[in-house]
Amino acid sequence: MVPKNLQDASFTQSPDTAQTLMALMHAQSEVARLSEREQLFSSLLVSVNAVLWAFNWETRQVLYVSPAYERIFGRSAGSLLSDYNEWRDSIYPDDLDYAERSLAEVLVKGAVEDREYRIIAADGQVRWLSDKCFINRQAEPGQPVIIVGIAEDITEKKRMEAELQRLATTDVLTQSSNRRHFFECAQREFAQARKQGAPMAFLLLDIDDFKGVNDTYGHQAGDNVLQRIAESGRAALRRGDVFGRIGGEEFAAVFPGCAPDMAMQVAERLQWQIQQLSFSHDDQTFGITVSQGLTSLTPEDDSLDSVFARADAAMYEAKRQGKNRIISG
Ligand SMILES: Nc1nc2c(ncn2[C@@H]2O[C@H](COP(=O)(O)OP(=O)(O)OP(=O)(O)O)[C@@H](O)[C@H]2O)c(=O)[nH]1
């Protein structure tokens, strides 16, 4: 029998017994060391906010999933271990095909580190995951293919990215596209229309005597006018149209697939809607008008610049002719 405290054991017995006791002491300290390490690993796995997982590709069995799975997915790890379809069921339906295809890619590539897809957590919330996966390199030849992975909740990062994108492309005052974003989108529509030989109309809109609005009613009232014009502009658009504020009191729109007479109808409706707007400042009410320059893509247009220049000239012609009108150029 091994003494209770091996350290205190007396070594007055035979050399064999002493050796056995030494081996037992060593084994005991090894067990203590391993159990310490296991505790360390398990506390690491609990605190890491990412799901570590292992998957047997051949048997389609989830072999291991770390505690963060239950936190992020809101589902039971036990159910996932007994049925891999639990994972498929939690994927956002539009992303399921991509998530499965990119998982299979790991067999060819050895590692897939740019997988991002959405899941629907048990509470109904949609979350974004970055789910990197790797072939287990330590497997012996002939052993089953094990895929290991680390899935991180990147919902907040995605939200911040979307917010940054919105801030970079939106005019703060009117919440319309800013100049740079408008022209990026317009350029894309121009290239598409040229490629397909489809019609496309371009509209420029400039508020009449806007300086007078600021001077008479104040900058705040001027800002309000800009916001209401932007609302009218957005309301006049169909899906796929592009609209933005491209200067102080200047707005622009692109109507892809829109023939000239249809574009004129849109501009006339917008002109009328803006004429109906009524603004009040202290006890005064006032209205505003706009001048619009309209043009359409021609076979000679080899860049958006020439389309823009024609719309600009038409808009200045509208100003020259007395404002509050639409000129087609
Ligand atoms: N309130 C407000 N005013 C702005 C903003 N950006 C530009 N403006 C003003 O827009 C006015 C533009 O004046 P002008 O270029 O003389 O044009 P206009 O008075 O509309 O004259 P026409 O274009 O000839 O009809 C200036 O008074 C600018 O200060 C803005 O963000 N808010």
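Let's start where two helices touch: Ile-229, Ser-232 and Gly-233 on the helix 9 side meet Leu-270, Gln-273 and Ile-274 on the helix 10 side. Sorted by type, the residues of this contact are three nonpolar, three polar and no charged. Please keep in mind that what you see is a predicted model.

How do these two helices sit against each other? Two packed helices are described by the angle between their axes and the distance between the axes. Here helix 9, residues 219-235, and helix 10, residues 260-276, pack at about 145 degrees, and their axes are 10 Å apart. The crossing of helix 9 and helix 10 is right-handed.

Now, on to the interior. In soluble globular proteins, nonpolar side chains tend to be buried together. In this model, the largest nonpolar core holds 42 residues, and Met-200, Ala-201, Leu-203, Leu-294 and Ala-311 have the most contacts inside it. Take Leu-294 as our example: leaving aside neighbours within four places in sequence, its contacts include Ala-201, Leu-203, Ala-263, Met-264 and Ala-267, along with Ala-311, Ala-314, Ile-326 and Ser-328. Apart from that core there is another, of 16 residues, with Val-51, Tyr-69, Ile-72 and Ala-151 among them.

Conventions
Residues numbered from 1 in each chain as written. Predicted model: local features only at pLDDT ≥ 70, side-chain atom pairs only at ≥ 80, totals over all residues. Axes fitted to C-alpha atoms, helices over the stretch in contact; angles between N-to-C directions. Helix = DSSP H or I, 4+ residues; strand = E, 2+ residues; numbered from the N terminus. Left-handed = near helix turned anticlockwise from the far one by under 90°. Contact = placed C-beta atoms within 7 Å. Nonpolar A, V, L, I, M, F, W, Y, C, P; charged D, E, K, R; others polar. Core = buried A, V, L, I, M, F, W, Y, C linked by C-beta atoms within 7 Å. Buried ≥ 20, exposed ≤ 12 C-beta atoms within 10 Å, placed from the backbone.
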